[in-house]
Amino acid sequence: MARKIGVDRKTVWRWEVGEADPYDRHLPLIAEHYDWPLDRIPELLARDDEPAVGASEPATSVPDVDGIGAIELIRRTEATDVGSGTVSAIVHAVERLATSYTHMVPAELLASLRTYQSYVMRLLDGRATLAQRRELTRQAGWLSLLVATAAIDVGQDRAAAANFDAARVMARESGDDQLAAWVFETEAWQALSTGRFDRAAALCRAGLDLVGSNTSAHVQLCTQAARAAARLGDRRETRRRVDQAMTEIDRLPSAVGPEHHFTADRDRVLLHCAAALVWLADGDATTEEYARRSVDTYEPGDYAHHLATARMNLAILLADTDQPAEAAHLGQQAIIEAAWRLCRTDLLLTDDLNRTLTGRYDASEVQFWTEAYTETRRAIMTRQPELTASTSTPPAIG
């Protein structure tokens with residue numbers, strides 16, 4: 001079936017177990033494969049624990065994904081539709097999901113996020129106090145923002161845009177300026193990843209106007225503003241934002257526990273600031289110091305994705321300063337060790353390095369990099385075929 005439809009076998013498996021739904025373009029091929037009328041495909045794809053399209057959904061039907069069954073148990077033991085225990089459990093669940101971002105394959109995280117999102121929507125239909133409804137609305141906003149982030153990674157830009165809109169509405173309804181600021185930050189990151197640098201800079205300015213300098217959102221927006229300025233070739237603004245981010249992160253309490261996607265931490269701020277200075281292409285001592293410090297911050301197997309990004313930043317710097325051997329080695333390490341987590345936004349960074357290495361140096365000097373790059377790119381495209389149409393290549397660094 002996978003061969004006939006033109007997808008990976010794991011994709012068909014995910015359809016079968018209900019982790020994902022086929023895209024519209026796949027439905028006629030599925031209908032042809034089973035010799036079913038196209039309008040009956042939703043019935044064929046319906047999971048055992050959910051009704052077919054058109055059937056009434058039982059109020060008690062809740063898929064047990066990542067602990068949702070436990071939260072439902074709490075809800076049913078409370079006197080109201082949505083009690084304080086249920087709200088607290090949702091808050092903790094969203095926190096866990098936000099700490100899972102770095103360690104999970106985006107497509108797998110996306111499935112869990114959407115399940116929780118559907119569950120919270122059902123809770124919002126129940127009876128609750130104003131305070132409980134406000135908190136559920138906040139958590140729905142954070143979930144929507146996480147969905148948008150993971151959707152960007154796998155190239156689902158329309159889904160990301162819809163969830164950005166939802167997160168903005170939830171931020172306004174709950175009065176949460178921090179959430180609103182992180183929406184601007186994430187949209188700026190998306191704009192940077194797709195080469196829309198002027199838009200990224202404007203989004204950062206809008207977000208910085210919302211929150212004070214003693215917040216994680218403000219620090220993270222500074223790092224995105226630095227990267228946008230670097231891509232635009234604005235040296236003064238780049239260095240100003242780098243200095244601002246590094247100063248502000250030192251004033252915030254040190255993060256405790258696993259990395260939280262919406263909490264700025266020193267290691268990640270250094271990583272983003274190093275990227276900004278590398279993209280500025282000045283090649284001075286400070287840039288190399290930041291880039292090497294960022295690589296030394298992460299241990300292999302700890303935060304593989306961040307270590308890969310740090311290595312790629314340093315590799316780009318070395319390739320730009322006539323050190324192709326070390327650059328090719330670092331780049332090869334980056335994409336091999338973190339291949340399980342690499343996605344569309346990482347492809348753009350690897351493309352930057354590949355352009356420099358293959359454009360400036362003899363093929364024999366960068367042979368192992370080229371082989372690893374080609375194989376990794378092919379693997380990502382096979383794993384995430386929707387990227388083919390949505391992946392764009394930004395202008396070259398410098």
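Reply: A residue is called buried when its relative accessible area is under 20%, exposed when over 50%, and partly exposed in between, using a 1.4 Å probe and protein chains only. By that cut-off, 52% of the 398 residues in the protein chain are buried. This is a predicted model, in which local features need pLDDT of at least 70 and side-chain atom pairs count only at pLDDT 80 or more, while totals for chains, interfaces and linings use all residues. Residues are numbered from 1 along each chain as its sequence is written, and side-chain values use heavy atoms, with hydrogens and water left out.

The protein chain has 20 helices and zero strands; these are DSSP runs numbered from the N terminus (helices H or I, at least four residues; strands E, at least two). Helix α18, residues 344–360, has 17 residues and reaches 25 Å from its first C-alpha to its last, close to the 24 Å expected at 1.5 Å a residue. That expected span is 1.5 Å times one less than the number of residues. Because 13 of its 17 residues are buried, α18 is largely enclosed by the rest of the structure.

Next, the nonpolar cores. A nonpolar core is a set of buried Ala, Val, Leu, Ile, Met, Phe, Trp, Tyr and Cys residues joined through side-chain atoms within 4.5 Å. The largest nonpolar core has 108 residues, and Leu-145 and Leu-357 touch the most other members. Leaving aside residues up to four places away in sequence, Leu-145 touches Phe-164, Ala-167, Leu-179, Trp-182, Val-183, Thr-186 and Phe-262, where contact means heavy atoms within 4.5 Å. A second, separate core has nine residues, including Ala-2, Ile-30, Ala-31 and Ile-41.

Gln-117 lies in helix α7, residues 106–124, and counts as buried because its relative accessibility is 15%. With residues up to four places away in sequence not counted, Gln-117 touches Leu-143, Ser-144, Val-147 and Asn-163.

Finally, the cysteines. A disulfide is taken as a pair of cysteine sulfur atoms within 2.5 Å, and by this rule the count is zero. The closest cysteine sulfur to that of Cys-204 is in Cys-222, 8.6 Å away, too far for a bond. For the sulfur of Cys-222, the closest cysteine sulfur is in Cys-273, at 8.6 Å, also too far for a bond. Cys-204 is buried, with a relative accessible area of 0%, and Cys-222 counts as buried at 0% relative accessibility.
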